[in-house]
Amino acid sequence: MANQATGLTRIIKAAGYSYKGLSAAWQHEAAFRQELVATVLAIILAIWLDVGAIARILLIGSVALVMIVEILNSAIEAVVDRVGSEYHELSGRAKDMGSAAVSLAILLALFVWGSVLWQHFA
């Protein structure tokens, strides 16, 4: 059944769904909790560093991207687990691809941070 809410009601409901999703990720996903702590520390460091606005945006954006991809990966895993607990090649592939996406996002963040810090301290 499609959601019939429009306008401000739709925005308020969407915010509620987003809050529920973040709460579920915090409650059920250890990786999300670990990455959130690292993200908060990274954002504090990015604000503290004496870098330009673009570098700061790249630093914060790269760790925010990791969080976004982690939530999507957790959603994929939840749907796959909901479908069934028996092994299926496609289920395993979906979970592996989600994990790979998180790994690539982390590698991108490390590259951005390494590049900015290298330029800053070199």
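1. Basis. The model is predicted, so local features require pLDDT of at least 70 and side-chain atom pairs count only at pLDDT 80 or more, while totals for chains, interfaces and linings use all residues. Residues are numbered from 1 along each chain as its sequence is written, and side-chain values use heavy atoms, with hydrogens and water left out.

2. Overall form. The chain contains four helices and zero strands, in the order α-α-α-α along the sequence. Helices (H or I, at least four residues) and strands (E, at least two) are DSSP runs, numbered from the N terminus. With a radius of gyration of 18 Å, well over the 14 Å that the globule rule gives for 122 residues, the chain is more spread out than a compact globule. This radius is taken over C-alpha atoms, and the globule rule is 2.2 Å times the number of residues to the power 0.38. Along the principal axes, the C-alpha atoms fill a box of roughly 55 × 40 × 20 Å.

3. Helices α1 and α2. The axes of α1 (residues 7-28) and α2 come within 5 Å and cross at roughly 100 degrees, which makes α1 roughly perpendicular to α2. Axes are lines fitted to C-alpha atoms, for helices over the stretch in contact, and angles run from 0 to 180 degrees between N-to-C directions. Angles under 35 degrees count as roughly parallel, over 145 as roughly antiparallel, 65 to 115 as roughly perpendicular and the rest as oblique. In the contact (heavy atoms within 4.5 Å), residues of α1 including Leu22 and Trp26 meet residues of α2 including Phe32 and Leu36.

4. Helices α2 and α3. Helix α2 (residues 30-48) packs against helix α3 (residues 53-83) at an angle of about 170 degrees, their axes being 9 Å apart. The two are therefore roughly antiparallel to each other. Among the residues making the contact are Leu36 and Ile43 of α2 and Leu59 and Met67 of α3.

5. Largest pocket. The largest pocket has a volume of about 150 Å³. A pocket is an open set of points on a 1 Å grid over the protein atoms alone, where a 1.4 Å probe fits, with protein on both sides within 12 Å along at least five of seven lines; lining residues have an atom within 4 Å of a point. The volume is the space filled by probe spheres set on the points, which are joined across faces, edges and corners. Glu35, Thr39, Val63 and Trp113 are among the lining residues.
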